[in-house]
Amino acid sequence: MAKRKTYDDSAAEQDSEEVSSLDESSSEDEYDEIRQEFEFFDPQTPWDFEGFKRLLRQLFDADATSFHLGAIADLILAQPLLGSTIKTEGNESDPHAFMTILNLIEHEGKPVIKELTNYISHRAGTNPQLAPLQPLLRSGSGKKVGLILTERWVNIATELIPPMYRMLLEEISWAVAEREPYTFSHYLIMSKTYVAIPSLLNEETNRPKKKMKPKATKGIDEGHTMYYFHPEDEVLERHATLFGGFDYVKPSAAGESDSKSTFHDFGIKQRGHLILIEAAKFEAAVKEMEAEFATQSSIAAATIDES
């Protein structure tokens with residue numbers, strides 16, 4: 001079976017689902033509008049493998065080389081009825097976003113799951129806020145942790161993400177009804193954030209610069225002002241048992257923070273981020289997310305095509 005949901009952006013806000021640009025040949029009051037239709041699909045082996053690897057590389061950032069991304073992509077594709085992708089040019093095109101869940105207990109014998117579990121445990125040990133996560137991940141803890149992996153391109157509006165979480169919850173319930181191993185005690189979301197740091201460019205030149213501040217949803221992590229790449233994470237944290245950030249194992253090259261910033265007076269330092277939510281509280285988190293990011297746009301009913 002393959003699901004296909006269409007996101008109707010006809011009434012969406014201009015700065016999210018609608019991309020507008022100035023038409024240089026027209027008057028300053030005229031705009032050229034580019035409308036984009038987004039469709040939801042199940043993970044599909046023939047077309048999504050390379051796209052998943054690219055998005056996983058983006059999610060894990062500097063530490064992506066620590067994992068066999070192809071093996072993670074294979075695990076995602078091995079459970080096509082769990083999780084979703086978002087595409088813009090039909091089922092055979094590259095995914096612009098994905099969401100899935102991996103059972104860390106069911107797959108604990110697989111090398112790539114051992115890599116992921118060890119990595120998360122070690123990184124959690126670097127932040128006191130995350131340290132309680134370590135015993136939950138140990139074999140024999142009695143806890144069943146589902147690792148949620150999700151990433152998207154920058155053109156994917158946040159309003160598209162709550163439906164992916166809703167579909168994931170529904171698919172988990174269907175799998176449990178079929179006695180498949182997707183009964184979890186906790187959900188662990190792997191994400192990323194960034195903090196603003198002084199720019200090396202300021203040390204290389206004394207020319208005056210216009211001061212600018214990053215515009216993004218923000219919070220506090222280990223005393224630093226933290227900015228979210230995924231704004232929905234702030235909602236999830238309100239329901240979380242614990243959450244916090246960590247530095248990547250692989251250090252960024254000098255000046256790399258400046259290359260990732262469009263501002264003059266600071267660069268950005270990307271960090272990994274983890275959110276742990278008890279299974280009993282996850283439904284409420286998704287409901288709040290749906291309410292917070294609801295717009296006048298509508299999500300058309302899913303159509304299920306049996307093949």
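In helix α3, the buried residues are V112, I113, L116, T117, Y119, I120, S121, R123 and A124, as computed from a model that is predicted. Helix α3 covers residues 111-124, and the distance from the first C-alpha of its 14 residues to the last is 20 Å, close to the 20 Å expected at 1.5 Å a residue.

Helix α5 is mostly covered, since 12 of its 17 residues are buried. The buried residues of α5 are I161, P162, P163, M164, Y165, R166, M167, L168 and L169, together with E171, I172 and A175. Just after α5, the backbone at R179 adopts a positive phi of about 65°.

The crossing in which α5 passes α9 is left-handed. On the side of α5, the contact is made by P162, Y165, R166 and L169, while α9 contributes F282, E283, V286, K287, M289 and E290. By class, the residues of the contact of α5 with α9 comprise six nonpolar and four charged, with no polar residues among them. The contact residues of α5, namely P162, Y165, R166 and L169, are also listed among the buried residues of that helix.

A further pair is formed by helix α1, residues 45-60, and helix α2, residues 69-77, which pack at an angle of about 125° with their axes 9 Å apart. This angle makes α1 oblique to α2, and the crossing of the two helices is right-handed. The contact involves T45, D48, F49, F52, K53, L56, R57 and F60 of α1, and these residues meet L69, G70, I72, A73, D74, I76 and L77 of α2. When the residues of the contact of α1 with α2 are divided by class, nine are nonpolar, two are polar and four are charged.

Key: Residues numbered from 1 in each chain as written. Predicted model: local features only at pLDDT ≥ 70, side-chain atom pairs only at ≥ 80, totals over all residues. Heavy atoms only, no water. Left-handed = near helix turned anticlockwise from the far one by under 90°. Helix = DSSP H or I, 4+ residues; strand = E, 2+ residues; numbered from the N terminus. Contact = heavy atoms within 4.5 Å. Nonpolar A, V, L, I, M, F, W, Y, C, P; charged D, E, K, R; others polar. Axes fitted to C-alpha atoms, helices over the stretch in contact; angles between N-to-C directions. Parallel < 35°, antiparallel > 145°, perpendicular 65-115°, else oblique. Buried < 20%, exposed > 50% of the residue type's maximum accessible area, 1.4 Å probe, protein only. Expected span 1.5 Å × (residues − 1).
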